[in-house]
Amino acid sequence: MSLVAYAIADADPDAIEGVGFDEQPLAGIGHDGLVLVVSRQGSRRPEPTVQTLWRYEEIIEQLMSRHPILPARFGTVLADEDEARVALRDRYEELRHRLEMVRGAVELGIRGSWAHAPARPPARSGTEYMLGQLDVRHRAQCFAELVDPLRPLARSSKVKVLPRPAVPLLAAYLVDRDRTEKFREVAAELDAGFEDGQLVCTGPWPPYSFAQPETLDLDLQGAPT
Amino acid sequence: MVSGVAPGASESTSPVFEASENPSRLPHHSRQVTLVDILDRLLGGGVVIQGHITLAVADIDLVELDLSLLVASIDKLAGR
């Protein structure tokens, strides 16, 4: 039977408790100190509905309250326990390194929003269009400069400028648990002094944004050439 | 605990709800902020345990998989 994966934890397989999707009990599949937390898949593969996403988040947060974890990408389904063990074995060093990186830390998010969304009048020429784009980019860059003081408060950070036209800034910070309040205070101060938009702080989240290296070390053996 | 704030709130970094609460009870604008954050993280973050397997098929499959998840989620959110 297929397995739904939730997280990789630094724990004893027997210490994994809780309930996953479809009221299936959580279980740990271990390999040399690493545990992949799974539950048996019910009749259907988990679909990304609102309720399912909230439920997934709830399961991950319960795991995070007990163990250092790397949350799995939503929708990960493995064929069986052997596949789970192979995944742990093949990426053991990388996963160990990531777990050490997030141990004792949480993710805090900063989302920027425009006070006044950039106007999009129809451009009469290519030059006018490009100038308009540059102006939007410049305004979004101001958000990135504004949040610079947050970086020293975090172990690591990932800042995306203008990831979507309606979103000038999207940032994730890996912050020590005991520094989250300080982080929030500084974020609130930055927001209060900013007129061109608003900064919204969310979290603490499980370390979704820091669970995966920027560049995957992918195993291309067996890939078609 | 996951907390978030409404876009129009005066104290923008004060927690106003928890993820464990029933989202249907939350103010609509608060849910929007958090749902976007959840979508970004759950569908775009986390360990890709089977990454090497997916890529072994072809790069484009990985892209299509992510896209299908996202499209499905937007459809669900829009109640289509």
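This is a predicted model: local features need pLDDT of at least 70, side-chain atom pairs count only at pLDDT 80 or more; totals for chains, interfaces and linings use all residues.
The expected span of a helix is 1.5 Å times one less than its number of residues.

Take α5 of chain A. With 13 residues at 1.5 Å a residue, α5(A) should span 18 Å, and its end C-alpha atoms are 18 Å apart, so the two agree. Which residues of α5(A) are buried? They are Thr180(A), Phe183(A), Arg184(A), Val186(A), Ala187(A), Leu190(A) and Asp191(A). Looking down the axis of α5(A), the buried residues fall within an arc of 165°, so they line one face of the helix. Glu189(A) and Ala192(A), on the other side of α5(A), are exposed. The cover over the buried residues of α5(A) includes β6, α4, β8 and β9 of chain A.

That brings in the other helix, α4(A), residues 126–146. Its 21 residues should span 30 Å at 1.5 Å a residue; the end C-alpha atoms are 31 Å apart, which agrees. The buried residues here are Val136(A), Arg139(A), Ala140(A), Phe143(A), Ala144(A) and Leu146(A). They pack against β6, β7, β8, α5 and β9 of chain A.

Now the sheet. Four strands of chain A make an open sheet, in the order β7-β8-β6-β9, with antiparallel pairing. β7(A) and β9(A) are the edge strands, each pairing on one side only. From one strand to the next the twist averages 15°. Inside the sheet, β6(A) and β8(A) run antiparallel and are joined by eight bridges. One residue pair to look at is Ile110(A), which stands opposite Ala171(A) in β8(A). α5(A) packs on this sheet and touches β6, β8 and β9 of chain A; the direction of α5(A) makes about 170° with that of β9(A).

Next, the start of the chain. Strand β1(A) covers residues 3–10, and seven of its eight residues are buried, so β1(A) is largely enclosed by the rest of the structure. What does β1(A) pair with? Seven bridges join β1(A) to β3(A), residues 34–40, and the two run antiparallel. Within that pairing, Ala9(A) has Val35(A) as its bridge partner. β1(A) also pairs with β4(A), residues 69–71, in the antiparallel sense over three bridges, and Ala7(A) stands opposite Pro71(A) there. With β5(A), residues 77–78, the pairing is again antiparallel, over two bridges, and Val4(A) faces Val77(A) across it.

On to the cores. In soluble globular proteins, nonpolar side chains tend to be buried together. The largest nonpolar core here has 51 residues, and those with the most contacts inside it are Tyr6(A), Ile8(A), Leu36(A), Tyr56(A), Leu63(A), Leu70(A) and Ile49(B). Ile8(A) touches, among others, Leu36(A), Leu70(A), Leu88(A) and Leu99(A), and from chain B Val47(B) and Ile49(B). A second, separate core has 24 residues, including Leu153(A), Val161(A), Ala187(A) and Leu190(A). Ala187(A) and Leu190(A) are also among the buried residues of α5(A).

Last, the overall numbers. Chain A has five helices and nine strands, and its C-alpha trace spans about 60 × 45 × 35 Å along the principal axes. Of its 225 residues, 48% count as buried. Among contacts in chain A between residues at least 6 apart in sequence, 73% join residues at least 24 apart.

Notes: Residues are numbered from 1 along each chain as its sequence is written. Chains are lettered from A and ligands numbered from 1 in the order in which they are written. Side-chain values use heavy atoms; hydrogens and water are left out. Buried means under 20% relative accessible area, exposed over 50%, partly exposed in between (1.4 Å probe, protein chains only). Contact means heavy atoms within 4.5 Å. Two strands pair if DSSP finds at least two bridges between them. Axes are lines fitted to C-alpha atoms, for helices over the stretch in contact, and angles run from 0 to 180 degrees between N-to-C directions. The arc is that of the directions from the helix axis to the C-beta atoms. A nonpolar core is a set of buried Ala, Val, Leu, Ile, Met, Phe, Trp, Tyr and Cys residues joined through side-chain atoms within 4.5 Å. Lists of a residue's contacts leave out its neighbours within four places in sequence.
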